[in-house]
Amino acid sequence: MNNEILCTGDIKKVLEILAETYPDAKCELVHATPFQLLAAVMLSAQTTDKKVNQVTDDLFVLYSDAKHMAEADPAEVERIIRPLGMYRTKTANLINMSRMLVEKYGGQVPEDQKLLEELPGIGRKSANVVMADAFGHQRIAVDTHVFRVSNRIGLVHEKNVTDTEKALMKVLPEDQWTANHHRLIWHGRKLCTARSPKCDACPLRSICLKYGMDSR
Ligand code: SF4
């Protein structure tokens, strides 16, 4: 056995414990439609879901769908999303993405991973989130939390997010990819934080390969 990865039995235990600990884990970006989720995910780069929700609360009143966003005044969008940082780039991406949705897909968000990744400002992780949480497909969107937590626990042992996604797809049951992705994110936010993980309070401490490691 590779001692940098847990055995199958321990992976099963980890998944059971995560399911018990985070029974309500779900996407925390507030949205009413696939377009609003797509926009919120794009805005969430380098900031928190909480801040995105505060901003989209106002943004979606004015620009609730792709058609309205495509015709938005960039200065007005910049003013609203400024608290999120990178607001000029995000505004340009948001408006260009909306124009593309209107021109190519009648204002609808395509239910297609590849087409989503062609939209301005949307990469593989964001497309995975939309496929999972807007359209109900099983996906593992590897963000900073999923990457850090799954490698610390020993579910996988990989150097980058792309390989981590591929490896997780092999070790996690496919019908629970999305649920486990949310549970890993919640665990990363609440206990297995980037700095000073709360190992002594962690329900995975008897299994995790990095239990009690120094904060880093
Ligand atoms: S024991 Fe520590 S490093 Fe391991 S999952 Fe829990 S908090 Fe993270």
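**Reading burial, packing and backbone angles**

Guide: In helix α9, the buried residues are Val146, Phe147, Arg148, Val149, Ser150, Asn151 and Ile153. The model is predicted.

Visitor: How much of α9 is buried, and what do its buried residues pack against?

Guide: Seven of the ten residues of α9 (residues 144-153) are buried, so the helix is largely enclosed by the rest of the structure. Its buried residues pack against α1 (8-21), α10 (161-171) and α11. After α9 comes Gly154, with a positive phi near 105 degrees.

Visitor: Which residues of α2 are buried?

Guide: Pro34, Phe35, Gln36, Leu37, Leu38, Ala39, Ala40, Val41, Met42 and Leu43 are buried in α2. That is ten of the ten residues, so α2 is largely enclosed by the rest of the structure. The cover over these buried residues includes α3 (49-62), α4 (66-70), α5, α6 and α8 (124-133).

Visitor: Which residues touch the most other members of the largest nonpolar core?

Guide: The general idea first. In soluble globular proteins, nonpolar side chains tend to be buried together. Here the largest nonpolar core has 49 residues, and Leu38, Ala39, Val41, Met42 and Val130 touch the most other members. The helix that gives the most to this core is α2 (residues 34-43), with eight residues. Domain 1 (8-25 + 140-201) and domain 2 (34-133) both contribute residues, so the core lies between them.

Visitor: What does Val41 touch, beyond residues up to four places away in sequence?

Guide: Val41 touches Leu29, Ser126, Val129 and Val130 on that count.

Visitor: How many residues of each domain are in contact with the other?

Guide: Five residues of domain 1 are in contact with four residues of domain 2. On the domain 1 side, the touching residues are three nonpolar, one polar and one charged. The centres of the two domains, taken over C-alpha atoms, are separated by 27 Å.

Visitor: Leu94 is in helix α6. Is Leu94 buried or exposed?

Guide: Count the other C-beta atoms within 10 Å; 20 or more means buried. Leu94 has 27 of them, so Leu94 is buried. Apart from neighbours within four places in sequence, Leu94 is in contact with Ala39, Met42, Met69 and Val77. Leu94 and Ala72 are 22 residues apart in sequence, and their C-alpha atoms are 9.7 Å apart in space.

Visitor: Which way does phi go in most residues other than glycine?

Guide: Most residues other than glycine have a negative phi. Met86 is not a glycine, yet its phi is positive, about 45 degrees. Met86 sits in the loop between α5 (74-81) and α6 (87-105). With 14 other C-beta atoms within 10 Å, Met86 is partly exposed.

Visitor: What is the phi of Ser196, and where does Ser196 lie?

Guide: Ser196 has a positive phi near 50 degrees and is a residue other than glycine. Ser196 lies in the segment after α11 (177-190).

Visitor: How many residues surround the ligand, and which are the closest?

Guide: The ligand is surrounded by 14 residues, the closest being Cys192, Pro197, Cys199, Cys202 and Cys208. By class, this shell holds ten nonpolar and four charged residues, and no polar ones. Cys counts as nonpolar in this classing, as does Pro.

Terms used:
Residues are numbered from 1 along each chain as its sequence is written. This is a predicted model: local features need pLDDT of at least 70, side-chain atom pairs count only at pLDDT 80 or more; totals for chains, interfaces and linings use all residues. A residue is near a molecule or strand if its C-beta atom, placed from the backbone, lies within 6 Å of it. Domain bounds come from an automatic or database domain assignment. Two residues are in contact if their C-beta atoms, placed from the backbone, lie within 7 Å. A nonpolar core is a set of buried Ala, Val, Leu, Ile, Met, Phe, Trp, Tyr and Cys residues joined through C-beta atoms within 7 Å. A residue is buried if 20 or more other C-beta atoms lie within 10 Å of its own, exposed if 12 or fewer, and partly exposed in between; C-beta atoms are placed from the backbone. Helices (H or I, at least four residues) and strands (E, at least two) are DSSP runs, numbered from the N terminus.
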